[in-house]
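Please read this report with the sequence and the 3D structure at hand. It goes through selected parts of one chain and then its contacts.

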Amino acid sequence: MDVTIFLQLVISGLLIGFVFSLIAVGLTLIWGVMDILNFAHGDFLMLAMFSAFLMFANLGIDPVFSLPVIVGLLFFIGLLTFRLVIKPVLGYHALIALLATFGLSIFIRNVVLFFLGPDFRVINQSVLAGKRISFLGLHLSLPQLVSAIGCVLITYVVYLFISKSKFGRALRATALDKDTALLMGINTNRVFALTFGLGAACVGAAGGFLVNFYYVFPEVGLNFAILSFVIVALGGFGNIGGAFLAGILVGLVENIGGFFVGPEFKYTLVFILYLIVISLRPKGLFGW
Amino acid sequence: MKKSIILALFLILLLGISSAVNAAEEVEVALLYPLSGPLTEAGKRMKSVYEVAAEVINGSYDIQGVPYAKTEGIPGLNGAKITLKFYDTQGSPEVGKAETERILQEGTAKLIIGAYQSAVSKPTSFVAERHKFPFLCAVSSSAALTERGLKYFFRVAPTDFHDSRMFFNFLDDMRKQGKKVENVAIVYEKTEFGVHAMKEVKKRVDESKGVYQVVADVPYAFKSTDVNAEVLKIKAAKPDVIIHATLFSEMTLFAKTYENLGVKSNANLSFCGGYQNPKFASQLKDTVEGYMGSCTFAEDFIRKKAQLKTINDMYKAKTDMNLDGIAMEGFTTLFVAVDAFSRAKSTDPESVTKALRTTELVIATLPGKGVKFDENGQNIWIDSTMSQIQKGEYKVVWPNEWATTAMAWPMRP
């Protein structure tokens with residue numbers, strides 16, 4: 001087998017894996033701190049992609065430059081979601097919050113469908129579009145390369161923020177024991193709200209990058225949401241580093257496994273890996 | 001008191017009579033399409049084209065070569081108007097089946113038209129068959145649909161058989177001109193549509209007795225998040241020609257990934273599906289320059305049949321897009337239904353089915369003579385052409401009798 005093809009498979013797997021990682025980091029943050037599985041996570045991704053597309057189509061702002069606005073917007077949407085959907089059901093059975101996010105997911109998708117229609121949209125004239133770096137027979141698509149680097153950087157910043165900052169300590173304390181954190185003077189509701197905002201901002205950044213090389217339509221989030229649930233479970237619920245590494249692993253398995261076993265089985269391979277890991281380590285690869 | 005009871009009874013009677021009159025003046029057709037879910041965009045386009053077709057049938061339009069355009073309503077039923085009722089399959093065979101049952105239970109529709117995907121047309125038409133109810137299929141292309149021996153199922157569109165035969169006639173022609181086309185890669189989604197399309201391609205390859213070889217056989221999962229592994233498998237095989245059976249979402253991913261990973265082939269041919277969606281050409285522009293595919297209608301056809309401009313304009317006013325092959329197949333299908341009602345002079349399912357079996361509708365909307373069904377319900381008067389995307393527009397480039405523009409070969413010099 002041609003070595004360049006194998007190297008290309010590894011590179012392609014890594015590039016898409018980094019994007020998966022950032023999507024999953026947002027999800028794992030919310031789960032780790034609040035024990036809530038956000039079913040609307042994929043729809044947040046879709047909102048980010050649509051926002052980037054609309055800014056490009058209507059205002060001519062390239063997705064690379066609209067990224068900070070998209071991240072801010074999704075942070076705000078996260079806060080709003082917490083205030084209007086999650087907070088009223090906190091303290092009740094976890095299933096209620098899960099169903100609330102499920103309802104929110106359907107609501108968001110249908111609102112977008114109603115106002116923007118079902119059409120597929122593609123950004124093909126952005127600053128990065130169609131550009132690539134080629135060397136030694138290998139090709140790196142610039143939109144994917146920039147997205148991958150961006151996703152790694154943001155994941156690292158989030159990791160640093162959680163592990164080093166004062167808010168990060170409060171967040172970890174809340175995740176470990178909410179009641180004790182409250183007794184220590186931590187405003188847990190504020191922590192929850194900011195966590196939801198941060199999780200949404202992460203997926204917003206991923207959406208802002210993804211729109212450079214992926215099509216947009218109201219159901220686009222579903223394709224990624226299922227994979228990100230697997231990644232979160234694989235990496236260990238609530239573990240940012242775990243989600244990051246599991247995202248890369250899924251990207252590599254999908255690409256390399258898909259090539260050698262057959263592309264139609266690439267998701268089967270991901271789910272087989274997931275089942276093996278879960279049966280051996282129920283808390284995921286890096287869970288505790 | 002008595003007076004008011006009599007008045008109420010009189011009003012109820014009047015209402016009954018008036019609805020009976022309405023029933024006689026209107027013929028309802030049920031349409032099964034994906035109006036939500038991942039194929040909503042395609043479903044909505046189909047909805048628009050049927051609304052245009054109903055407008056032409058119910059109104060009076062001077063469109064040469066299109067029967068029932070000039071007359072108002074269904075001539076054989078004293079000008080009864082066609083009404084459309086849409087049912088959402090959500091792109092799911094199970095939902096499609098349930099909706100078909102609902103149509104039959106409601107009992108107001110006189111014929112069913114549907115569904116978009118072959119995988120949905122298959123079970124829904126079985127339900128109609130069980131109830132001995134006529135089912136007209138407009139666009140599903142799996143050849144297997146008309147190989148099931150159904151008596152109430154009829155299809156207007158060409159099948160994968162027709163398209164694959166056209167592809168290989170085209171490739172034979174290219175070979176004669178000394179162009180390299182022998183090594184073929186086949187790429188298809190693992191659904192009824194993709195699997196059957198490629199079965200037909202493999203049959204044509206076998207029939208060529210070694211002239212053509214499948215150097216890469218690449219099925220993939222519908223709703224993929226990326227297609228790098230698929231494209232690298234194709235790249236490793238170095239094909240001369242790539243043949244796709246792919247819907248719009250993945251087709252855009254494939255096109256972008258071919259470009260990103262530097263895959264080059266002499267030709268990239270597509271069955272109906274993503275390639276035919278006008279947005280494929282208009283949104284991806286240079287990325288898809290030179291792509292080719294089967295085509296039963298493109299705006300370019302108007303250069304050969306100027307009278308079709310009226311229909312294209314009506315559709316464009318609704319959707320802001322030009323008609324494509326799939327839309328025109330839908331348009332024609334409603335005329336087949338009207339033709340059957342008109343000749344049957346009845347809406348009774350058996351009479352309509354009998355009329356459908358003897359259809360010989362000469363209509364200028366599609367390549368070929370029009371619509372005539374064989375004993376399996378497949379239209380045998382339909383033909384297909386090869387179009388190519390050139391500067392964001394679909395141009396008919398083969399065969400010569402339909403070609404309006406010279407073909408670009410190889411697809412990217």
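How many of the ten residues of helix α7 (residues 228-237) of chain B are buried? Eight are, and α7(B) is thus described as mostly covered.

## Basis of the model

This is a predicted model, in which local features need pLDDT of at least 70 and side-chain atom pairs count only at pLDDT 80 or more, while totals for chains, interfaces and linings use all residues. Residues are numbered from 1 along each chain as its sequence is written, and chains are lettered from A and ligands numbered from 1 in the order in which they are written.

## Helix α7 of chain B

A residue is called buried if 20 or more other C-beta atoms lie within 10 Å of its own, exposed if 12 or fewer, and partly exposed in between, with C-beta atoms placed from the backbone. In α7(B) the buried residues are B:Asn228, B:Ala229, B:Glu230, B:Val231, B:Leu232, B:Lys233, B:Ile234 and B:Lys235. After the helix comes B:Lys238, with a positive phi near 45°.

Helices (H or I, at least four residues) and strands (E, at least two) are DSSP runs, numbered from the N terminus.

## The five-stranded sheet

Chain B has an open sheet of five strands in the order β2-β1-β3-β4-β5, with parallel pairing; two strands pair if DSSP finds at least two bridges between them. The edges are held by β2 (81-88) and β5 (153-155) of chain B, each with a single partner strand, so one side of each has no neighbour in the sheet. From one strand to the next the twist averages 25°. Axes for such angles are lines fitted to C-alpha atoms, for helices over the stretch in contact, and angles run from 0 to 180 degrees between N-to-C directions.

Strand β1 (residues 26-33) of chain B is joined to β2(B) by eight bridges, and B:Leu31 stands opposite B:Phe86 in β2(B). Five bridges join β1(B) to β3(B), where B:Ala30 has B:Ile112 as its bridge partner. Six of the six residues of β3(B) are buried.

## From β3 to β4

Two bridges join β3(B) to β4(B), and the two strands run parallel. B:Ile112 stands opposite B:Phe135 in β4(B).

Helix α4 (residues 118-130) of chain B lies across β1, β3 (109-114), β4 (135-137) and β5 of chain B, at about 160° to β4(B).

## Contact with chain A

Contact between two residues means that their C-beta atoms, placed from the backbone, lie within 7 Å. By that rule, 33 residues of chain B are in contact with 32 residues of chain A. On the chain B side, α2 (40-58), β7 (213-220), α7, α8 (248-260) and α9 (278-284) each supply at least two residues. The largest share, seven residues, comes from α7(B).

## Two domains

An automatic or database domain assignment divides chain B into domain 1 (2-157 + 305-371) and domain 2 (161-303 + 385-398). In chain B, 24 residues of domain 1 are in contact with 23 residues of domain 2. On the domain 1 side, α4, α10 (309-319) and α11 (325-344) of chain B give two or more residues, and α11(B) gives the most, with four residues.
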